[in-house]
Amino acid sequence: TLAQLEALLLEKLANAEGDILDDTELILSLEEAKKTSDDVKEKVVFAQEMEAKINETSEFYRPTGSRGSLLFFLLCDLCKMHTFYKYS
């Protein structure tokens, strides 16, 4: 994960001796961390777009849900007017 890569990089940077540009393992780790970070950024953008689409779609059905709940509670309260309207 990104947190593990960050911890690994910090450890390697802290333990690096001499010129860090000569440490190929550190450079490869940095490249891997950059790729992982880019992947995460792309997935975040995709998730935000999908969230917007889902919210837009759910707002489309909100009036139907409102009407359905109103109808349900009206039917539940009919028995208060007359016992004839009781149902199971």
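How exposed is Asp77? At 38% relative accessibility, Asp77 counts as partly exposed. I start with that residue and its partner, then work back towards the other end of the chain. Please keep in mind that this is a predicted model.

1. The Asp77 pair. Asp77 forms a salt bridge with Lys80, and the closest N and O atoms are 3.5 Å apart. Both residues sit in helix H2, 3 residues apart, so about one helical turn separates them. An α-helix has 3.6 residues a turn, so residues three or four places apart point the same way. Lys80 counts as exposed, at 67% relative accessibility, while Asp77 is partly exposed.

2. A second pair within H2. Lys34 and Asp38 also form a salt bridge, here with 3.7 Å between the closest N and O atoms. They are 4 residues apart in helix H2, again a separation of about one helical turn. Lys34 is exposed, with a relative accessible area of 55%, whereas Asp38 counts as partly exposed at 30%.

3. Which residue does Glu25 meet in a salt bridge? Its partner is Lys12, with 2.9 Å from N to O. Glu25 belongs to helix H2 (residues 24–81) and Lys12 to helix H1 (residues 2–15), so this pair ties together parts that are 13 residues apart in sequence. Lys12 is buried, with a relative accessible area of 16%.

4. The geometry of H1. H1 has 14 residues, which at 1.5 Å a residue should span 20 Å. The C-alpha atoms at its ends are 20 Å apart, in agreement with that expectation.

5. Which residues of H1 are buried? They are Leu5, Leu9 and Lys12. These residues cover an arc of only 65° around the axis, which puts them on the same side of H1. The face turned away from the buried side carries the exposed residues Ala3, Gln4, Glu6, Leu10, Ala14 and Asn15.

6. The loop. Ala16 lies in the loop between H1 and H2. This alanine is partly exposed, with a relative accessible area of 24%. Ala16 and Leu26 are 10 residues apart in sequence, and their C-alpha atoms are 8.5 Å apart in space.

7. Further along H2. Phe72 has its place in helix H2.

8. The overall form. The protein has 2 helices and 0 strands. Its radius of gyration is 29 Å, well over the 12 Å that the globule rule gives for 88 residues, so the protein is more spread out than a compact globule. Taken along the principal axes, the C-alpha atoms fill a box of roughly 90 × 20 × 15 Å.

9. Burial and surface. How much of the protein counts as buried? Of the 88 residues, 7% do. The accessible surface comes to about 8,000 Å², and 62% of that belongs to carbon and sulfur atoms.

Definitions and conventions
Residues are numbered from 1 along each chain as its sequence is written. This is a predicted model: local features need pLDDT of at least 70, side-chain atom pairs count only at pLDDT 80 or more; totals for chains, interfaces and linings use all residues. Side-chain values use heavy atoms; hydrogens and water are left out. A salt bridge is a side-chain nitrogen of Lys or Arg within 4 Å of a carboxyl oxygen of Asp or Glu. Buried means under 20% relative accessible area, exposed over 50%, partly exposed in between (1.4 Å probe, protein chains only). The expected span of a helix is 1.5 Å times one less than its number of residues. The arc is that of the directions from the helix axis to the C-beta atoms. The radius of gyration is taken over C-alpha atoms; the globule rule is 2.2 Å times the number of residues to the power 0.38. Accessible areas come from the Shrake-Rupley method with a 1.4 Å probe; for residues, only the protein chains shown count as cover.
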